[in-house]
Amino acid sequence: MNAYILSLSDVHMGNVAEVGGKNASLGEMLRNLTAEGEVKVPGGFATTAHAYREFLAHEGLANRIKGLLDELDVDDVRRLAEVGARIRDWIKQTPFPPAFEQALEDAYLALEAECGGQISFAIRSSATAEDLPEASFAGQQETLLNVQGLEAVKAAVHEVFASLFNDRAIAYRVHQGFDHSQVALSAAVQKMVRSDIGASGVMFTLDTESGFREVVFITGSYGLGEMVVQGAVNPDEFYVHKPTLTAGRPAVLRRSVGAKAIKMVYAAEEGEKPVRIVDVPVEERVHFCLSDEQIEELARQAIAIERHYQRPMDIEWALDGVDGEIYIVQARPETVESHSGRVLERYALKARGEVLSEGRSIGARIGSGTAKVLTSLDQMDKVQRGDVLVTDMTDPDWEPIMKRAAAIVTNRGGRTCHAAIIAREMGVPAVVGCGDATGKIRDNTPVTVSCAEGDNGYIYAGELPFEIKRIELDSMPEVPLKLMMNVGNPKRAFSFAQIPNHGVGLARLEFVINNMVGIHPKALLDFDKLKPDLQKQISGRVAAYHYPREFFVKRVAEGISTIAAAFAPKPVILRMSDFKSNEYANLLGGSLYEPHEENPMIGFRGASRYISESFRPCFEMECEAIRYVRESMGLTNLQVMIPFVRTLNEAARVTELLAQNGLARGSNGLKVIMMCELPSNAVLAEEFLEYFDGFSIGSNDMTQLALGLDRDSALVAESFDERNPAVKKLLAMAISAARAKGKYIGICGQGPSDHPDLADWLMKQGIESISLNPDTVVDTWLHLAGKEV
């Protein structure tokens with residue numbers, strides 16, 4: 001348009017020097033992705049870097065700023081705050097040069113006319129050095145929302161220009177070696193999306209914690225997006241599997257309901273600030289802010305953006321509550337996982353302590369130090385290098401003290417909030433969205449922050465010992481068998497999939513149920529008959545789903561599909577639920593349905609439970625979830641395994657029941673495996689294999705039943721050894737029978753994880769695969785390859 005203003009539809013990534021990375025990206029998408037309908041981006045215009053520099057030259061402003069910054073030590077956080085505030089005040093009080101002010105007014109009036117009259121606008125910042133692979137300026141500069149009228153737009157542009165000198169922005173440029181004078185700012189004036197009556201959030205085209213590339217990770221909440229970006233709310237979270245979505249199948253892997261306690265909306269009356277924060281009604285908080293159709297539409301737009309830019313992307317989105325459309329309001333390169341190499345670091349606690357608080361884990365690391373509980377930024381001097389920062393939430397002004405912390409803990413925020421972004425960037429663990437951290441963690445006490453246990457992060461009392469293992473992923477040698485993995489917690493599946501593996505030899509469905517359902521399946525089926533107090537407890541957990549039965553099926557499907565997608569196309573062998581009666585009783589409502597058994601280990605479990613009239617409806621729900629993952633989602637790498645099959649009659653009845661529920665052997669490539677874990681299974685191995693496609697040896701139960709001991713009893717624990725000659729003879733019989741019939745034979749028990757010599761023996765016997773606990777895969781792999789561990 002002119003030297004001061006460019007229409008967003010006229011700019012592209014070649015204009016970064018003129019309008020900054022974010023604004024160039026908006027133009028790039030408008031030019032290349034909106035015509036085909038792949039992405040929707042609100043239109044607008046951007047001020048240029050030339051306009052910004054001419055403004056700074058106006059009335060000697062640039063020289064005054066340089067004089068202050070040249071003398072500044074940014075590690076003196078109090079002085080930094082004073083200098084930053086003074087510079088921002090100067091910028092707001094300095095008038096625009098007349099030519100720039102006229103150009104801004106002309107562009108605004110033209111945009112207003114294009115939009116059909118006076119509406120509201122978003123004024124966004126975009127630094128010219130921004131969004132390069134080695135730099136992340138996310139959240140450093142201002143975004144102003146619901147700005148109405150020319151004078152308000154001019155004031156907002158002043159605010160945006162001033163935000164280039166936020167405390168964090170000043171410190172970041174110094175630490176990254178950017179010359180202050182070489183960084184300019186562009187302000188975008190963009191039509192507002194009415195997400196104040198819709199929803200908004202942030203999404204990434206990979207899993208931000210593990211770097212797993214085959215998913216889109218979406219966070220969202222009600223109202224304007226600043227609440228999610230700032231970390232002021234705990235948002236909903238969703239994972240979408242890219243290959244499944246591209247294939248035109250249902251692709252939402254996982255859904256998590258966030259608290260969503262507050263939202264930002266337009267001001268109710270004139271004279272108020274343009275936006276205000278209100279409470280979300282309790283009945284809305286328990287529901288997802290997006291439908292599955294909207295989640296998948298978001299993911300499609302994310303995939304289109306990633307495909308265009310050929311790199312992982314960090315994207316802000318908004319759902320318009322008026323027209324129901326989803327819009328992209330920012331897109332920038334993802335800047336943390338783009339640094340990751342081929343060395344895998346694994347942190348693990350070597351001891352446990354009292355859990356003081358928990359929330360969302362960020363960073364898959366562990367840190368410890370003295371807790372410093374801060375209620376405001378005025379207390380910044382309390383935090384010394386190596387301390388653990390504990391506060392309600394952070395914003396860009398907290399960055400200088402965040403750099404000192406060994407770990408960060410916040411009451412509020414989700415995995416895309418400010419604290420999470422900065423923690424990833426700095427490589428420190430953070431636990432966000434704890435809710436009660438500032439109340440539960442005492443100031444000046446030693447704590448350990450663990451983000452190495454899945455999606456949930458924990459703050460433990462005391463400084464606990466931990467270890468770090470580093471794995472060179474490019475240097476794993478060949479081994480003469482398949483090394484698979486035992487996985488129970490879906491929330492760790494993406495991370496575990498980064499470890500060298502040949503698939504999952506044991507996915508434990510009871511772990512999925514415990515982690516993602518937590519309610520006895522019969523209590524869900526009998527919901528209408530339960531006492532009111534139990535109904536109330538269950539209702540709070542299932543409210544986001546249409547009815548209790550759907551909650552069970554969908555949550556189980558989410559857990560299963562997450563594991564299957566993480567390891568696809570490698571096989572994932574899912575063992576159907578193997579809770580014992582005492583374990584089922586521990587689920588919510590379980591005591592109403594479970595018998596008391598003297599020894600549940602050899603009681604009502606496995607195949608005998610599935611075929612019983614009392615439990616069959618529960619088993620059928622498990623089958624429905626598996627069928628959905630295999631048939632609807634198309635994740636046919638998922639295989640089924642039946643545990644604790646005592647007799648040939650049970651084998652016949654349970655495989656027939658599977659077939660009745662759409663899981664017949666061979667159907668769409670389905671393999672049905674049997675846990676070979678009873679002496680009867682080995683003795684009659686040939687006969688059992690008539691009903692199954694192979695065996696997976698359960699060495700734990702095989703050992704206790706062969707030696708006649710209770711593996712949970714400390715009194716006989718010394719006698720428990722999978723290497724006992726009697727046990728090995730039974731294992732050899734099973735391996736021999738399976739090989740003779742040309743059927744799958746693996747082992748998924750604890751033995752090979754604990755005893756490398758047993759793994760050696762199994763390899764010599766000709767076993768096809770060994771499935772190990774994730775923390776032992778690399779060591780066992782190297783051992784079997786004859787390498788030093």
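This is a predicted model: local features need pLDDT of at least 70, side-chain atom pairs count only at pLDDT 80 or more; totals for chains, interfaces and linings use all residues.
Student: Before I look at details, what average pLDDT does the protein chain have?

Tutor: pLDDT is the predictor's confidence in each residue, from 0 to 100. Here the protein chain averages 91, and 96% of the residues score at least 70. Do keep an eye on residues 130–134, though, where the pLDDT is below 50. That stretch still has 17 contacts in the model beyond near neighbours in sequence.

Student: Okay. How many disulfides does the structure hold?

Tutor: You look for a pair of cysteine sulfur atoms within 2.5 Å. In this model there are 0 disulfides. Take Cys-676: its closest cysteine sulfur belongs to Cys-748 and sits 10 Å away, so the two are too far apart for a bond.

Student: Is Cys-676 buried or exposed?

Tutor: Buried means under 20% relative accessible area. Cys-676 comes out at 0%, so it counts as buried. Cys-289 is buried as well, with a value of 8%.

Student: Now helices. At roughly what angle do the axes of α26 and α27 cross?

Tutor: Roughly 125°, with the axes coming within 9 Å. Helix α26 covers residues 699–707 and helix α27 covers residues 725–741. Angles from 65 to 115 degrees count as roughly perpendicular and those over 145 as roughly antiparallel, so this pair is oblique. The crossing is right-handed. On the α26 side, Met-702, Thr-703, Ala-706 and Leu-707 make the contact, and they meet Val-727, Leu-730 and Leu-731 of α27.

Student: And which residues make the contact between α29 and α30?

Tutor: From α29 you have Pro-756, Ala-759, Asp-760 and Met-763; from α30, Thr-780, His-783 and Leu-784. The axes of α29 (residues 756–765) and α30 (residues 777–784) come within 10 Å and cross at roughly 55°. Angles under 35 degrees would count as roughly parallel, so these helices are also oblique to each other. Here too, the crossing is right-handed.

Student: Let me try a single residue. Where is Ile-602, and what does Ile-602 touch?

Tutor: Start with the element, then list the neighbours. Ile-602 is in the loop between α20 (581–585) and α21 (606–610). Leaving out residues up to four places away in sequence, Ile-602 touches Phe-644, Arg-646 and Leu-705. Lys-580 is 22 residues from Ile-602 in sequence, yet their C-alpha atoms are 8.5 Å apart in space. With 44% relative accessibility, Ile-602 is partly exposed.

Student: What about Thr-143: buried or exposed?

Tutor: Buried, at 17% relative accessible area. Thr-143 is in strand β4, which runs over residues 143–147.

Student: Finally, the backbone. Which peptide bond is cis, with omega near 5°?

Tutor: As a rule, most peptide bonds are trans, and most residues other than glycine have a negative phi. In this model, the bond from Ala-568 to Pro-569 is cis. Pro-569 lies in the loop between α19 (548–567) and β25 (572–575).

Student: What is the phi of Gln-310, and what is the phi of Asn-444?

Tutor: Gln-310 has a positive phi of about 60°, although it is not a glycine. Gln-310 lies in the loop between α11 (292–309) and β12 (313–319), and is exposed at 65% relative accessibility. Asn-444 has a positive phi near 65°. You'll find Asn-444 in the loop between α14 (437–440) and β20 (446–450), where it is partly exposed at 49%.

Note on methods:
Residues are numbered from 1 along each chain as its sequence is written. Side-chain values use heavy atoms; hydrogens and water are left out. Buried means under 20% relative accessible area, exposed over 50%, partly exposed in between (1.4 Å probe, protein chains only). Contact means heavy atoms within 4.5 Å. Axes are lines fitted to C-alpha atoms, for helices over the stretch in contact, and angles run from 0 to 180 degrees between N-to-C directions. Helices (H or I, at least four residues) and strands (E, at least two) are DSSP runs, numbered from the N terminus. A crossing is left-handed if the near helix is turned anticlockwise from the far one by less than a right angle, and right-handed if clockwise.
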